[in-house]
Amino acid sequence: MTRIVHTSDLHFGRPSVSEQLDCMEESVRGLTPDAIAVSGDLTQRCSAPEFEQARSYLERMREIAPVLVIPGNHDIRWLGAVARNLGLFGRQAHEFKYSRYFRYISKDLSPTLEVPGAVIAGINTAHGISRGSLTRRFRDLGVIGHVKRRDVEEVAKAFEKADPDAARIVMIHHNPVKGERTGRHGLANTKEALRSFSELGAELVLCGHDHQEAIHTLESLEETAPGLVISTAGTISNRVRAGRPSSFNLVETTEQDMGITTYSWKTGAFRPSKQRVFRRASASGRV
Ligand SMILES: [Fe+2]
Ligand SMILES: [Fe+2]
């Protein structure tokens, strides 16, 4: 069995809750995962002190298992995004936009991790105000993300290189399925992105951004991406949706099945609160 802890939206800075972060670290240690996937929004205001805290927390997590991390919309610098969109400063604007992420977290915005039984291809969907993420909904301007064609090609390469039996997983920051409470999509090009992932053989998409945990399946995605499961991790912070606790997800895959369990914050601990198990599409061909 391969175990992947999927957490998101830690929002270091004012929203972070150290008791929950400490507790999650202990819970994750106890779950003995093979990998830890962090789907963006490490910070609240993209400040250097917030990134320092995020980096030291990720270092603690790396003592438990390999960590795969991507940026979220809170982790990029606005001026760079605007300058880039206006065609000013070109490459420099790009460097500025991600400069703190590059400095404190990683130079790689779309990293890949393979562990026995699974390959996870991370894609950066946080581009700020940019052509691919334009929306008529003003309040979503600069918040919404998109999947770039070039990054889909990188996922294809990562999947080609991976062990044929490894579960194919894509990680993005923005939620491709509407949040239950927000009623908002995170991605500007949802259908196209999900279809591409599905065509590449992805079985699971990990995402965050909505701050409400969810497990979506093929029933709701039949038209665009049959067979795809979506794990949305909630937040570990006080930026929770009304009435929802902080939470993270655990993905467990075997050759036959893929299970997702949500661990929610309740009376001082993270406890399993919801679980769904799916038969893997690839399992039907196996003897
Ligand atoms: Fe967030
Ligand atoms: Fe976000």
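**Exercise 1. Find which residues of helix H7 are buried.**

Step 1. Locate H7 at residues 190-199. Helices (H or I, at least four residues) and strands (E, at least two) are DSSP runs, numbered from the N terminus.

Step 2. Apply the cut-offs: buried means under 20% relative accessible area, exposed over 50%, partly exposed in between (1.4 Å probe, protein chains only).

Step 3. List the residues. Thr190, Ala193, Leu194, Ser196, Phe197 and Ser198 are buried.

Step 4. Look past the helix. Glycine 201 follows H7, and its phi is positive, near 90°.

A note on the model: it is predicted, so local features need pLDDT of at least 70 and side-chain atom pairs count only at pLDDT 80 or more, while totals for chains, interfaces and linings use all residues. Residues are numbered from 1 along each chain as its sequence is written, chains are lettered from A and ligands numbered from 1 in the order in which they are written, and side-chain values use heavy atoms, with hydrogens and water left out.

**Exercise 2. Describe the site of the iron ion (ligand 1).**

Step 1. Name the donors. Donors are N, O and S atoms within 2.8 Å of the metal (3.2 Å for Na, K and Ca); water is not among the atoms, so sites may look incomplete.

Step 2. Judge the geometry. The arrangement is irregular because the four donor atoms subtend angles of 86 to 172°. Four donors count as tetrahedral if all angles lie between 85 and 135 degrees; four count as square planar and six as octahedral if opposite donors are over 155 degrees apart and all others between 65 and 115; anything else is irregular.

Step 3. Read the spacing along the chain for ligand 1: D-x1-H-x29-D-x169-H.

Step 4. Aspartate 9 and histidine 211 are both buried.

**Exercise 3. Work out the surroundings of serine 39.**

Step 1. Serine 39 is buried, with a relative accessible area of 0%.

Step 2. Find its polar contacts. A polar contact is a pair of N or O atoms within 3.5 Å; within protein, one must be able to donate a hydrogen and the other to accept it, and residues adjacent in sequence count only if both atoms are side-chain atoms. The side chain of serine 39 has such a contact with that of histidine 6, at 3.0 Å. Another joins it to the side chain of serine 8, at 2.8 Å.

Step 3. Leaving out residues up to four places away in sequence, serine 39 touches residues including Ile70, Met171 and His173. Contact means heavy atoms within 4.5 Å.

**Exercise 4. Give the strand order of the open sheet that contains E7.**

Step 1. Write the order: E4-E5-E6-E7-E9-E8, six strands with mixed pairing. Two strands pair if DSSP finds at least two bridges between them.

Step 2. Strand E4 (112-115) and E8 each pair on one side only.

Step 3. Zoom in on one pair. E7 and strand E9 (residues 229-232) are parallel, with four bridges. Cysteine 207 has threonine 232 in E9 as its bridge partner.
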